[in-house]
Amino acid sequence: MHADIERIQTGIPELDAVLRGGLIRQRVHLIEGRPGTGKTTLGLRYLIYGRSVGDRCLYLTLSESREELLAAAISHGWSLEGIDIEEISPMGENAASPQTILLPTDSELSALVDTIADRIIASEADRVVIDSMVEVRLLARDSAHYRRQIIDLRQRLAATHATVMLLDDLTSDGREFELQSAVHGVLTLEQLERSFGATRRRLRVVKLRGGDFQSGWHDYAIKKNEILVFPSLIAQEHHRDDAAPDMLSTVDSLDRLLGGPLVAGSSTMLLGPSGVGKSTLALQYALAAVRGGQHVGYFTFDESETTLRSRMVGHMNEDHASGEERLFHLRRINPSRISPGEFIWNVRRIVEDVGARLIIIDCINSYLDVIREEKSLLLQMNELFSYLSNMRVTSIIIGAHSARLDTSKEPDALSIITDNIISLRYYEHDNVVCKAICALKRRQGRHEHEVREFRLTDAGIEIGAKVGVPIDESGVASLEA
């Protein structure tokens, strides 16, 4: 990248991070996407931020009226005061002509492009949004004609100091790329409908001529007064070299069963059927961490925040409960309203902003519903585990299943990339349903191989004596014992 390349911030910090600093100054950039993806909202946010840093801003609208733009801004709690809004009729003076048979002439398209360029030059604007290019495209007789006019517009704007956003609806029947090839940068917005829950939005940078950017898809969300972008995670870009404590459960018999504490930066999967005590076991590690002065992030997809927090607080030291509770960061996640990128971004904020040393995800089955359409659980979770390991953060992942362990299917397949596996199971003894625990895997050392009693009492977790529970070929205690 050339040393004289300057960047201009969009006003969306995470989008600027994806763009490695922002858009390239005094260049023409295309924002494309189907109706409803948020192009106008992004354009308005770009200009509103420009106004806040003293830039002259111009919004040229060929489709929406001034009143419609003002209404859109008000819906987000924004004011467009200080931003020039100019309406241009694509057909110029002939817009009201009763003639409907003849096609637009070359002169009409050329006149429209000249009008756009003249308005921008006369305004001396630093930031410009043109909404939308579909109206310009309708005046072109073919793609080659359209591309020549866009190149002419780009060359005329090169003499100004404006950084321009072109908005395009992608409403043509056949997808053509003449507009992409004629501009300096391209940002594609996409909207994915789910069978249930909130629409998922994501974006990617197609090109940024002369500049670096983070490739791939990045989830984003449009809130009432902001656009939030969630850059996809690249684990190798994140490191924390300070010393981190290993995680003891403070239940001596449990720590002996696992061969010692959970090594800092390691990942552990808790497997077992519903109600066997997986969340309680994870909370035991959380309680031990906060008593040691460590921040803990607990992300729950299933249990209510009130119930889970009451279970945690109920075991805290009464003399230090308020201080310990401040170290316990509970986040209730609604899988039907969140995207994979937003979830991982929330994990990052607890790690980077708060300094958490233990992250618990309860449970991975519900997270599967969030990313089901991508079919990339192992890839995403491997990147997340690598990130947490680089940041010296211990992770505990809870997975519910009722059959034998099957690593060829999700979520059991996740156990392949975790460092430790703890299995919890029911068994029957003297017509009483009991619980058992065993360690199936530990990468950083030795562990006990016995299946032991697992009891939940008022005093907390108790690990009892060895039990005669047969182990099947998958390494899981049999239900028939």
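Reader: How much space lies in the largest cavity?

Author: A cavity is, on a 1 Å grid over the protein atoms alone, a set of points where a 1.4 Å probe fits but cannot get out. Grid points are joined across faces, edges and corners, and the volume is the space filled by probe spheres set on the points. Here the largest cavity holds about 40 Å³ of space, and a search of the whole structure finds two cavities of 30 Å³ or more. This is a predicted model, in which local features need pLDDT of at least 70 and side-chain atom pairs count only at pLDDT 80 or more, whereas totals for chains, interfaces and linings use all residues. Residues are numbered from 1 along each chain as its sequence is written, and side-chain values use heavy atoms, with hydrogens and water left out.

Reader: Which elements give two or more residues to the lining of the largest cavity?

Author: Lining residues have an atom within 4 Å of a point; among them are Leu-19, His-29, Gly-185 and Lys-207. The elements giving two or more residues to this lining are β3 (28-33), β8 (185-192) and β9 (200-208). Helices (H or I, at least four residues) and strands (E, at least two) are DSSP runs, numbered from the N terminus. The protein has 14 helices and 20 strands.

Reader: What percentage of the residues count as buried?

Author: Buried means under 20% relative accessible area, exposed over 50%, and partly exposed in between (1.4 Å probe, protein chains only). Of the 481 residues, 52% count as buried.

Reader: Why is strand β15 described as largely enclosed by the rest of the structure?

Author: Strand β15 (residues 358-362) is so described because five of its five residues are buried. In a regular strand the side chains alternate between the two faces of the sheet. In β15, Leu-358, Ile-360 and Asp-362 point one way while Ile-359 and Ile-361 point the other way, and all are buried.

Reader: Which strands pair with β15, and in which sense, parallel or antiparallel?

Author: Two strands pair if DSSP finds at least two bridges between them. Strand β13 (residues 296-300) pairs with β15 in the parallel sense over five bridges, with Tyr-298 opposite Ile-360. Strand β16 (residues 394-400) also pairs with β15 in the parallel sense over five bridges, and there Ile-398 is the bridge partner of Asp-362.

Reader: Where do strands run antiparallel?

Author: One case is strand β18 (residues 432-442), joined by two bridges to the antiparallel strand β19 (residues 452-457); Ala-436 stands opposite Glu-453. Strand β19 is in turn joined by five bridges to strand β20 (residues 460-466), again antiparallel, and Phe-454 faces Ile-463 across that pairing. A hairpin of two residues connects β19 to β20.

Reader: How many residues of helix α13 are buried, and what do they pack against?

Author: Six of the eight residues of α13 (residues 364-371) are buried, so the helix is largely enclosed by the rest of the structure. Tyr-367 and Leu-368 are among them. Contact means heavy atoms within 4.5 Å. The buried residues of α13 pack against β12 (267-272), α12 (340-354), α14 (377-390) and β16.

Reader: Is Asn-420 buried or exposed, and what does its side chain meet?

Author: Asn-420 counts as buried because its relative accessibility is 3%; the residue is found in strand β17 (residues 420-429). A polar contact is a pair of N or O atoms within 3.5 Å; within protein, one must be able to donate a hydrogen and the other to accept it, and residues adjacent in sequence count only if both atoms are side-chain atoms. Such a contact, of 2.9 Å, joins the side chains of Asn-420 and Thr-268.

Reader: Where does Thr-418 lie, and which backbone oxygen does its side chain reach?

Author: Thr-418 lies in the loop between β16 and β17, and counts as buried at 0% relative accessibility. Its side chain reaches the backbone oxygen of Ser-415 at 3.0 Å. Leaving aside neighbours within four places in sequence, Thr-418 has contacts including Ser-267, Phe-385 and Lys-441.

Technical notes:
On a 1 Å grid over the protein atoms alone, a cavity is a set of points where a 1.4 Å probe fits but cannot get out, and a pocket is an open set with protein on both sides within 12 Å along at least five of seven lines; lining residues have an atom within 4 Å of a point.
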